[in-house]
Amino acid sequence: MRQLHVLVRAEKARRVIELGAEHQAFSPAALRAEREEEGDWRMVLLNLPNDRVGDFVRAVAEAADDAQVVLFPQGSLPVQLPLEEVHPRVRSVAHKSTLELVLASLQSMGSWKGLLLYAAFSGIVAAYGLLVNASYMLVAAMLIAPMGAPLMVATIGTSVGELNMARRGALRFAVSVLVLVASAAVLGWAYRLQVSTVLMEQVTSLSAWTSLIALVAGAAGAQSQVQSERASLVTATATGFLVAAALSPTSATLGLAIPLQRWDYVGLMAFQLALQFTALVTGGWLSLLVFGVRPGDVSAGRGSRTVRTALAAALVAATVGLTVWQVRHPPRFLKADVARDAARLTRDVVRSVPGARMVQAQAQFTRADLDAAPGEGLLVTLVVEQASPAAERSAVESAVRTAVRAKLAGELPGVTPYVDVTVLPAP
């Protein structure tokens, strides 16, 4: 429940209490209040279910246009005596009203200075983690990245049909990403980066499942915004969303690719950021739609169903279009999936080679000379065992390497396979 203080003239206090009762207010009370303005004033104290706040405020505005309302965005626990009657009321926890959701989003769009500084800090920390291959630094960069808040502002603006709110959220997201990219690029130049690192190669290995994960992350983030803080014992939802949505590693990799002049990485990461943004906002909009957040709800703005429909349709179309584009352009846009397929094909090939038994197979894309190699360089590391002591290790090694290379070249277009085979002696 939410606590509200309503300041009205004395003759309107009884009507406000009646409106509170109509909206399931708990334990209303009216106190005498003093103001500089002349007249007899009352302060009405109420506790309302979360989802009734918006409708109640609208009803009060219609009944007393000079009333003032103070909303406390913290939950309250109603206790109805005797204590045996507490359980059903406490168990019924409603989600936040659209009014509170929009007000919180508008309040989050505060200082540009804080947004830009946190984006710069996150870019430096993420770039350093990529440079020294320290994954824990990437987690730290994600946690201080400020992109989660503007993403949610854009999501809520889309859900209530507020074009200006959605535009402001998207603008802040874009600016914070640009600042993060710029700070990472500056650190890359200062570090005199000349070759991509292992973590950079991992970040640029995209998967066709990227959009699905972003949809789920956006839905989880939106749920953490609209759900009452006492509605779940899971306290890590918001933090988990920020880690998933911050996109610090992607932005930092884009920044580090600039001093390297790896324009293929720049394109990959720009594509990743665009896909993540549209999928995150789409997932968040769908989540808020399930919770009943719509343009017709009482909010601090004037939502439009037409604007909501247009924004949602554009987001869905962009997410689907980018995903289809990604799936149709392997291997560059699907390195993670292609590497998985290569490992599977390698295992199948080794089973058909006489005298060899599979022990381990790994595949990962590696940095190759783009001018000399016709396709994306894929390094396949194999460990096989001689099936018989009579078999020659050199023959087994040559047969496995030839078979794997031919299979991968035939099944995976656009890939240049490099096969490293280690043959263990027979037991």
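Which residue in E7 is the bridge partner of leucine 382? The partner is valine 421, and the view that contains this pair is described below.

The model is predicted: local features need pLDDT of at least 70, side-chain atom pairs count only at pLDDT 80 or more, and totals for chains, interfaces and linings use all residues. Residues are numbered from 1 along each chain as its sequence is written, and side-chain values use heavy atoms, with hydrogens and water left out.

**Overview. The chain has 16 helices and seven strands.** Helices (H or I, at least four residues) and strands (E, at least two) are DSSP runs, numbered from the N terminus. Of the 427 residues in the chain, 46% are buried; buried means under 20% relative accessible area, exposed over 50% and partly exposed in between, with a 1.4 Å probe and protein chains only. Among contacts in the chain with a separation of 6 or more, 79% are between residues 24 or more positions apart. Contact means heavy atoms within 4.5 Å.

**View 1. Strands E5, E6 and E7 form an open sheet in the order E5-E6-E7.** The pairing in this sheet is mixed. Strand E5 (356-365) and strand E7 (415-424) stand at the edges with a single partner strand each, so one side of each is left without a neighbour in the sheet. From one strand to the next the twist averages 20 degrees. Strand E6 (residues 376-386) and E7 run parallel and are joined by ten bridges; two strands pair if DSSP finds at least two bridges between them. Leucine 382 has valine 421 in E7 as its bridge partner. Strands of a sheet pair through backbone hydrogen bonds, either parallel or antiparallel.

**View 2. Helices H15 and H16 each lie across E5, E6 and E7.** H15 runs at about 165 degrees to E5, and H16 at about 155 degrees to E7. Axes are lines fitted to C-alpha atoms, for helices over the stretch in contact, and angles run from 0 to 180 degrees between N-to-C directions. Helix H15 (residues 335-352) packs with H16 at an angle of about 135 degrees, the axes being 9 Å apart. The two helices, H15 and H16, are therefore oblique to each other; angles under 35 degrees count as roughly parallel, over 145 as roughly antiparallel, 65 to 115 as roughly perpendicular and the rest as oblique. The crossing of H15 past H16 is right-handed. A crossing is right-handed if the near helix is turned clockwise from the far one by less than a right angle, and left-handed if anticlockwise. On the H15 side, Ala342, Leu345, Thr346, Val349 and Val350 meet Val400, Ala403, Val404, Lys407, Leu408 and Glu411 of H16. This contact of H15 with H16 has eight nonpolar, one polar and two charged residues; Ala, Val, Leu, Ile, Met, Phe, Trp, Tyr, Cys and Pro count as nonpolar, Asp, Glu, Lys and Arg as charged, and the others, Gly among them, as polar.

**View 3. Alanine 406 lies in helix H16 (residues 393-411).** Alanine 406 counts as exposed because its relative accessibility is 52%. From alanine 406 to proline 417 the C-alpha to C-alpha distance is 8.9 Å, at a separation of eleven residues in sequence.

**View 4. Helix H8 (residues 163-191) crosses helix H12 (residues 248-260) at roughly 45 degrees.** The axes of H8 and H12 come within 7 Å. H8 and H12 are therefore oblique to each other, and H8 passes H12 in a right-handed crossing. Residues of H8 in the contact include Val177, Leu180, Gly188 and Trp189, and those of H12 include Ser248, Leu254, Ile258 and Pro259. The contact of H8 with H12 has eleven nonpolar, four polar and no charged residues.

View 5. Threonine 210 counts as buried because its relative accessibility is 10%. Glutamine 276 is found in helix H13 (residues 263-290) and is buried, with a relative accessible area of 10%.

**View 6. Four strands form an open antiparallel sheet in the order E2-E3-E1-E4.** Strand E2 (26-33) and strand E4 (68-75) are the edge strands, each pairing on one side only. Neighbouring strands of this sheet are turned by 15 degrees against each other on average, direction ignored. Strand E1 (residues 2-9) pairs with E4 in the antiparallel sense over six bridges, and leucine 7 has glutamine 68 in E4 as its bridge partner.
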